[in-house]
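Here are my notes for you as you look through this one.

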Amino acid sequence: MNIFEALRQSHEKQRDLAEKLLKTSGDTPDRRNLFDLLKNELFAHAVGEDRYLYIPLMMTDSGLNITRHALAEHHKMDELLEQLTETEFSNPGWLAIAKKLSETVHHHLKEEEHGFFQQAGKILSADQKMSLAQQYLAEYEKYKQKEKDSLVE
Ligand SMILES: [Fe+2]
Ligand SMILES: [Fe+2]
């Protein structure tokens, strides 16, 4: 498996969880559970992707712009996740923020799959694509077990 195939596996989960989350209403176990799953999926994916795709790319001149763009979008998703964490699940505005998060996630994944990954594919060597996949997967699995809020700010 190369790094792009490994990353896409989580993308599918993110899309699925985001769609399901938008179908929930009010302060229900369903909403709480799906939100926790999506938050954790986005967190574990972003840590691994930042460290094992974007940081190596950032070290190259041709990868600098896509890296900055992608990291800004990761940051935007983080902010929306934080807003959702701080808003009461029963608040009528909660779903509007969740919708914004879902749109941001969908837009970002599309941009990665149809733009950034193609560009990155030209920059990284075949060996790098394979070894980065292993490193990404190990990091992803590790952070799937952790809570984002447990990281020291
Ligand atoms: Fe991604
Ligand atoms: Fe990403």
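1. Start with helices H1 and H4, which pack at an angle of about 165° with their axes 10 Å apart. That angle makes H1 roughly antiparallel to H4, because angles over 145 degrees count as roughly antiparallel. The crossing of H1 past H4 is left-handed. Please keep in mind throughout that this is a predicted model.

2. Which residues bring H1 and H4 together? On the H1 side they are Phe4, Arg8, His11, Gln14, Arg15, Ala18, Leu21 and Leu22. On the H4 side they meet Ala98, Lys99, Ser102, Val105, His106, Leu109, Glu113, Phe117 and Gly121. Sorted by class, the contact of H1 with H4 has eight nonpolar, five polar and four charged residues.

3. Next, turn to H1 and H2. Helix H1 covers residues 3-22, and helix H2 covers residues 29-58. Their axes are 10 Å apart and the packing angle is about 155°, so H1 and H2 are roughly antiparallel to each other. H1 passes H2 in a crossing that is left-handed.

4. The contact between these two helices draws on Ile3, Leu7, Ser10, Lys13, Gln14, Leu17, Ala18, Lys20 and Leu21 from H1. From H2 come Leu34, Phe35, Leu37, Leu38, Glu41, Leu42, His45, Glu49, Tyr52 and Leu53. In the contact of H1 with H2, twelve residues are nonpolar, three are polar and four are charged.

5. Setting aside residues up to four places away in sequence, Leu7 touches Glu49, Leu53 and Tyr136.

6. Now follow H3 and H4. Helix H3 runs over residues 64-86 and helix H4 over residues 94-123. Their axes come within 10 Å and cross at roughly 160°, which means that H3 is roughly antiparallel to H4. H3 goes past H4 in a left-handed crossing.

7. What does H3 bring to this contact? The H3 residues are Ile66, Ala70, Glu73, Lys76, Met77, Leu80, Leu81, Gln83 and Leu84. Facing them in H4 are Trp94, Ile97, Ala98, Lys100, Leu101, Thr104, Val105, His108, Glu112, Phe116 and Gln119. The contact of H3 with H4 divides into twelve nonpolar, four polar and four charged residues.

8. Thr104 belongs to helix H4 and is partly exposed, with 17 other C-beta atoms within 10 Å. Apart from neighbours within four places in sequence, Thr104 is in contact with Glu73, Lys76, Met77 and Leu80.

9. Val47 sits in helix H2. How many other C-beta atoms lie within 10 Å of Val47? There are 20, so Val47 is buried; 20 or more is what the label asks for. Beyond its neighbours within four places in sequence, Val47 is in contact with Glu139 and Tyr143. The C-alpha atoms of Val47 and Leu101 are separated by 18 Å, and the two residues are 54 apart along the chain.

10. Finally, zoom out to the whole chain. There are five helices and zero strands, giving the pattern α-α-α-α-α along the sequence. The radius of gyration is 16 Å, close to the 15 Å that the globule rule gives for 153 residues, so the chain is as compact as a globular protein of that length. The C-alpha trace spans about 50 × 30 × 25 Å along its principal axes.

11. Two percentages complete the picture. Of the 153 residues, 27% count as buried. Among contacts with a separation of 6 or more, 74% join residues 24 or more positions apart.

How values were computed: Residues numbered from 1 in each chain as written. Chains lettered and ligands numbered in written order. Predicted model: local features only at pLDDT ≥ 70, side-chain atom pairs only at ≥ 80, totals over all residues. Axes fitted to C-alpha atoms, helices over the stretch in contact; angles between N-to-C directions. Helix = DSSP H or I, 4+ residues; strand = E, 2+ residues; numbered from the N terminus. Parallel < 35°, antiparallel > 145°, perpendicular 65-115°, else oblique. Left-handed = near helix turned anticlockwise from the far one by under 90°. Contact = placed C-beta atoms within 7 Å. Nonpolar A, V, L, I, M, F, W, Y, C, P; charged D, E, K, R; others polar. Rg over C-alpha atoms; globule rule 2.2 N^0.38 Å. Buried ≥ 20, exposed ≤ 12 C-beta atoms within 10 Å, placed from the backbone.
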